[in-house]
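Here is a short tour to follow with your viewer open.

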Amino acid sequence: MDKKGMIKYVGVARLDAGSDHTIVASYCTDEYVNEYEKYIDKILRQDSKLKEGKLLRIPASKESYDFLVKLPRPEGDYDMRLAIVGVVDRLMSKSKCAALCKQVTQDFKDNHKPRQIILAEESSLNGSSRKLLMAAIQKHGNDKMAELNDQLGAVKAQMKTNLLAAVERGDNLDDIEVGTRDLMDGAQRFNKTSAALKRMMCCKNVKMTICLTLLILTILTIIIVIAVCTQGDTCSQKKNDNNNNNN
């Protein structure tokens, strides 16, 4: 096994009465198995602090790795209390730790009957669990460089997303600027049209006023002419009558 792997140790422990427990299966990628299991034993003895379904991650003092403990929820015939334990590099993500524990739990139950687990003694299931534990380590235990590359890829993807969003915002600003210019041009055209329309209406009003004035003057002239003519006829008639009377 590659010594640069993110996973150093994986095991399955059965939690018995009180603080008693038994690591029934385990696989270690280096020679420090006794040291790992010594600290795991101390963690499992604090049974009251362990909660089912919760992933517990404890940093090792003065070391670059963490201890993992995950208690699967009992279900079906597997009503005994189990604990998935592990030792992983501190750079290993939480999601990969959770995925590791989930796969080990499922594969271990698929390969062992409840009675086997209940009656198993210390390390008695190492042989039957070796392949499934190795498979889980190989699947989830990428080396540090691969892990860093994954993180770098995630950062690059986020930067790309941010860049595209920034470009899109720039396009939107350009659209807004173009729209503003169009509105300003439209406003100027409206002002020019309004001024021209105003001048045209003023000219039209002047023409109408002149026409009405001329019409009124014409009517008055006609009335005056008629009045003058009527008065002239009356005067001539009176003169003729006077002449006739004198004769």
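A salt bridge here is a side-chain nitrogen of Lys or Arg within 4 Å of a carboxyl oxygen of Asp or Glu. Keep in mind that you are looking at a predicted model. Across the whole structure, a search turns up 6 salt bridges.

**Stop one: Glu 75 and Lys 109.** Select this pair and look at the closest N and O atoms, which are 3.8 Å apart; that is a salt bridge, because the cut-off is 4 Å. Glu 75 sits in the loop between strand S4 (65–70) and strand S5 (81–89), while Lys 109 belongs to helix H2 (residues 94–111), so the pair ties together parts 34 residues apart in sequence. Lys 109 counts as buried, with a relative accessibility of 9%.

**Stop two: a charged network.** Next, select Arg 57, Asp 66 and Arg 90, which a network of salt bridges links. Zoom in on Asp 66 and Arg 57: their closest N and O atoms are 2.9 Å apart. Which of the two is buried and which is partly exposed? Asp 66 is buried at 5% relative accessibility, whereas Arg 57 is partly exposed at 28%.

**Stop three: Arg 14 and Asp 16.** Here the side chains meet in another salt bridge, 2.8 Å from N to O. Arg 14 is buried at 10% relative accessibility, and Asp 16 is partly exposed at 27%.

**Stop four: helix H4.** Now select residues 126–140, the 15 residues of H4. At 1.5 Å a residue they should span 21 Å, and the end C-alpha atoms lie 20 Å apart, which agrees. Look along the helix for a kink of about 25 degrees, centred on Leu 132. Leu 132 is also one of the buried residues of H4, together with Ser 129, Leu 133, Ala 136, Ile 137 and His 140. As a reminder, an α-helix has 3.6 residues a turn, so residues three or four places apart point the same way. To see what covers the buried residues of H4, show strand S1 (7–15), strand S2 (21–28) and H2, which are among the covering elements.

**Last stop: two backbone angles.** Where is Lys 62? Lys 62 lies in the loop between strand S3 (55–59) and S4. Its phi is positive, about 60 degrees, although Lys 62 is not a glycine, and the residue is exposed at 86% relative accessibility. Then move to Ser 123, in the loop between helix H3 (114–119) and H4. Ser 123 has a positive phi of about 65 degrees, again without being a glycine, and is partly exposed at 29%.

Conventions: Residues numbered from 1 in each chain as written. Predicted model: local features only at pLDDT ≥ 70, side-chain atom pairs only at ≥ 80, totals over all residues. Heavy atoms only, no water. Buried < 20%, exposed > 50% of the residue type's maximum accessible area, 1.4 Å probe, protein only. Helix = DSSP H or I, 4+ residues; strand = E, 2+ residues; numbered from the N terminus. Expected span 1.5 Å × (residues − 1). Bend = angle between axes of the 7 residues up to and from the residue. Contact = heavy atoms within 4.5 Å.
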